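Take a look at the chain shown here. Read the briefing with the structure open beside you.

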Amino acid sequence: MSKIDDMIMNSVNSKKTFNPLIVTDGLPKGWENKRVLSFDELTQTIETVHRQSLAASVKAVNCIATIRNFVIGFYIVEYEQNGKDRAEYGAKLIKNLAERTKEKGLNETLLKNCRRFYQLYPQVQDLLLGKSPTPSDFSTAVQCLNNLL
């Protein structure tokens, strides 16, 4: 298993991992208590639960997309530095990857951005590995992640 695979597994298995199924922040007080609601209360309650759930799901998706982008960037940079057939691709690596992959959304722009993200914010790896970064690294990484989220 590679270092990045370990990083992903540690992040997924970490007790700090966001689990939207157990998050109760933002739910209306007493949501689990059975009581008779007026139609207006029912409407407001459903809207509140919907808004809170939507916000939590967007945040979870953004976190996962950030991790995905960093990991894709890692693999691209590692390949560029150590790939056996990298001379064959040369400067066209990103273009060739985009053409070869068949997954919707994996395009040249995304791949370039992933590589750039990995190169600009190597301290994200420490966060994914659960390492305690220095205060300046932590501040930079949190600012970066907040900008993305």
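The points below go from the whole chain to its helices, cores, salt bridges and surface.

This is a predicted model. The chain has 7 helices and 0 strands. Of its 149 residues, 20% are buried.

**The whole chain**

- Read along the sequence, the pattern is α-α-α-α-α-α-α.
- The accessible surface comes to about 11,200 Å². Carbon and sulfur atoms hold 55% of that surface.
- Consider the contacts between residues at least 6 apart in sequence: 57% of them join residues at least 24 apart.

**Helix H2**

- Helix H2 covers residues 39-82.
- How far apart are the end C-alpha atoms of H2? They are 64 Å apart. The helix has 44 residues, and at 1.5 Å a residue it should span 64 Å, so the two values agree.
- The buried residues of H2 include Ala-60, Thr-66, Asn-69 and Gly-73. Phe-70, Val-71, Ile-72, Phe-74, Ile-76 and Val-77 are also among them.
- Phe-39 counts as exposed because its relative accessibility is 65%, and the cut-off for exposed is over 50%.

**The nonpolar cores**

- The largest nonpolar core has 8 residues. They are Ile-72, Ile-76, Leu-93, Ile-94, Ala-98, Leu-110, Leu-111 and Cys-114.
- Which helices each supply at least two residues of this core? They are H2, helix H4 (93-100) and helix H5 (108-120).
- A second, separate core has 7 residues. Phe-70, Phe-74, Phe-117 and Val-124 are among them.
- Ile-94, a member of the largest core, touches Ile-76, Glu-108, Leu-111, Lys-112 and Arg-115. That list leaves out residues up to four places away in sequence.
- Phe-117, from the second core, is found in helix H5. Is Phe-117 buried or exposed? Phe-117 has a relative accessible area of 8%. Buried means under 20%, so Phe-117 is buried.
- Phe-117 and Ile-72 are 45 residues apart in sequence. In space, their C-alpha atoms are 9.6 Å apart.

**The salt bridges**

- How many salt bridges does the structure hold? The structure holds 2.
- One joins Glu-80 and Arg-115, with the closest N and O atoms 2.5 Å apart. This pair links distant parts of the chain. Glu-80 is in helix H2 and Arg-115 is in helix H5, 35 residues apart.
- Glu-80 has a relative accessibility of 27%, so it counts as partly exposed. Arg-115 is partly exposed too, with a relative accessible area of 22%.
- The C-alpha atoms of Glu-80 and Leu-93 are separated by 8.1 Å. These two residues are 13 apart along the chain.
- Another salt bridge joins Lys-112 and Glu-108. The closest N and O atoms of this pair are 3.5 Å apart.
- Where do Lys-112 and Glu-108 lie? Both are in helix H5. They sit 4 residues apart, about one turn of the helix.
- Lys-112 counts as partly exposed, at 42% relative accessibility. Glu-108 is partly exposed as well, at 31%.
- Ile-94 touches both Lys-112 and Glu-108, and Arg-115 as well.

**The nonpolar surface patch**

- Which residues make the nonpolar surface patch? Leu-37, Phe-39, Leu-42 and Ile-46 make it.
- The patch has an area of about 400 Å².

Key
Residues numbered from 1 in each chain as written. Predicted model: local features only at pLDDT ≥ 70, side-chain atom pairs only at ≥ 80, totals over all residues. Heavy atoms only, no water. Patch = residues over 30% accessible without salt bridge, like charges linked within 9 Å, V, L, I, M, F, W, Y side chains within 5 Å. Areas by Shrake-Rupley, 256 points an atom, 1.4 Å probe, with all protein chains shown as cover. Salt bridge = Lys/Arg side-chain N within 4 Å of Asp/Glu carboxyl O. Buried < 20%, exposed > 50% of the residue type's maximum accessible area, 1.4 Å probe, protein only. Core = buried A, V, L, I, M, F, W, Y, C linked by side-chain atoms within 4.5 Å. Contact = heavy atoms within 4.5 Å. Expected span 1.5 Å × (residues − 1).
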